[in-house]
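Have the sequence and coordinates at hand, and we'll go through them by question and answer.

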Amino acid sequence: MQAADDGGAALNALVRARLAEEGGEPAAALAALTDVSSLAPGLPGVRGRILEQAIQAGDLAAARTAALRLWTAGDRRFDAQLVLMVDAMRRSDWKAARDIMAGRGDKTGADTIARLILPTGNAWIDVGAREKLPERHLLAANNRTRPEPALALQVALVQLATARTAHAVALADDTVLTDRTSQLVGLRLAATLDRAGQRDTATRLRGKIALASGQREDPMLLLPDQPVSTPRAGVAQWLGLLADGLARTPNGNSKVPLLFSRAAFWLNDQDWAVRATLVEALDRNGQRGDAMVLLDNDRAALPPVLAMRRAELVADAGDLPGAAKLAEAAAAGDAPRSLLVRLAGIAGRSNDPKAAARAYERLEGTLADGADDRALRGTLLIARAELLLQADQWDAAAPLMEKAVALRPGDAAVLNFAGYSALERRKDVKQSLARIEAAWAQEPQNASITDSLGWAYFLTGRTDDAVALLEKAQRGEPANAVIVEHLGDAYWQAGRKFQARYTWRAAALLAEAEMATRLAAKLRDGLTAATTAP
């Protein structure tokens, strides 16, 4: 009887675990899977799932226990190896860390992820163990036809950590930086050289970092330059860089960057770049709440770029007024342009015209006459015009839109906005139609622009063309109430009144107050001049 009871309880816990996993609640999934493991210890695959959920939840103790059980049982999977290495390094057990790193070899060379970590991990473990020439692991890995500058700079960091400053200085001077990763490592090396009293070398190295010249636009480069001088900090910064790079891979798996950044954070939670990388990995994995917690704990001391990221997460969570205030605080003082651009984006979403106007004015004050600045000025003109249109000030908005079109005559978004804004107010329909057609020719798969063109055809009497385009737009954005209402109006105009009423009912499920009132009138009386969509 007890076995049956345990079986039912295990099944119930398994269902709870699956629901929590699908709901993006790793802590709840971990608790349920732990119950499953206790009730049905031999159930295949449970230990692996416990490890995965523990990593997602940030529970190092549970991750270590699961990893050790898998490792001891002969399941030498990479995430278990990484967790056990992190645990050993946190305890300064260099022998255990070395054994773990050697415990899962890849003779075929197919395990690319492991090969990215092993040389750097082994080098820093040897630094902790006070071995001679710890950089030999990195030198062996970089002994190829095309050496990687990022690994060469890791060698210099290891040499500084072992008090061989002259070697590090020579390597910093000789290495040519060729990619984003090497330049990011170069900044860490420059900060470490500064700490070692080698300011001239640090200055020369920073001078070779193209990404650091002028205004820094890359969010990672806006973070404080932090030195790297301990084994834990060394492995953490490298894992963080790998996580950042993997997250930028198109269509990549979100779990791998999260694994790397979580391991990096467990090793060094004081590294701002590591924290930033973990925030992005969590958000990408659907764990926005956990990402916000990372930026809440030390919010008074957050670097401005992370304070701005916090504001964006707050906005994504729905608190737009609160996000606008946080964004203004993050961009206080002499903020770089990239932060002002992000401030403008948040303020524009905030439904606070005054906050948006302040943000646009600050950003506009940074613009010059270069091509990139002219393009940004066009975007700002459209944003300012949108604020005026929301206040029903067409005469003030129209000149701004004309200036934007002049600055960006080939920009589909600008053409569509200017054309549709005029069209919905029945201003210069011929020119508006031409602009929307030009926008659609560039982006025929864009549902918003397709809707604009379909509605333009509706207003100019081309009903059949309107229906075809609006049906396409509705397939692209079926939850867009504006598109659905437009399609219903076009159906009615085409004599397809049953479909029109069906479509209006669908739009009513999505509509806000003003549209809902208009739709109710259409469902009662049919389409009239007064109830036609704007």
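Q: How many cavities of 30 Å³ or more are there?
A: This is a predicted model. A cavity here is a set of points where a 1.4 Å probe fits but cannot get out. With that rule, and counting from 30 Å³ up, the count comes to 1 cavity.

Q: Which elements give two or more residues to the lining of the largest cavity?
A: The largest cavity has a volume of about 160 Å³. Its lining holds 16 residues, with Leu184, Arg188, Met220, Leu223 and Ala273 nearest the centre. The elements giving two or more residues are helix 11 (180-195), helix 13 (231-247) and helix 15 (272-284).

Q: Which helix gives the most to the lining of the largest pocket?
A: The largest pocket, at about 690 Å³, is lined by 32 residues, and Glu386, Leu387, Gln390, Phe417 and Ser421 lie nearest its centre. Several helices give two or more residues, among them helix 19 (337-349), helix 21 (371-390) and helix 23 (412-424). With 8 residues, the one that gives the most is helix 21.

Q: How many charged residues are in the lining of the second largest pocket?
A: About 420 Å³ of space lies in this pocket, and its lining includes Glu424, Arg425, Glu485, Glu512, Glu514 and Arg518. Asp, Glu, Lys and Arg count as charged, so each of those residues belongs to that class. Beside 5 nonpolar residues and 1 polar residue, the number of charged residues is 6.

Technical notes: Residues numbered from 1 in each chain as written. Predicted model: local features only at pLDDT ≥ 70, side-chain atom pairs only at ≥ 80, totals over all residues. Heavy atoms only, no water. 1 Å grid on protein atoms, 1.4 Å probe; cavity = no way out; pocket = protein on both sides within 12 Å on 5 of 7 lines; lining within 4 Å. Points joined across faces, edges and corners; volume = space filled by probe spheres on them. Helix = DSSP H or I, 4+ residues; strand = E, 2+ residues; numbered from the N terminus.
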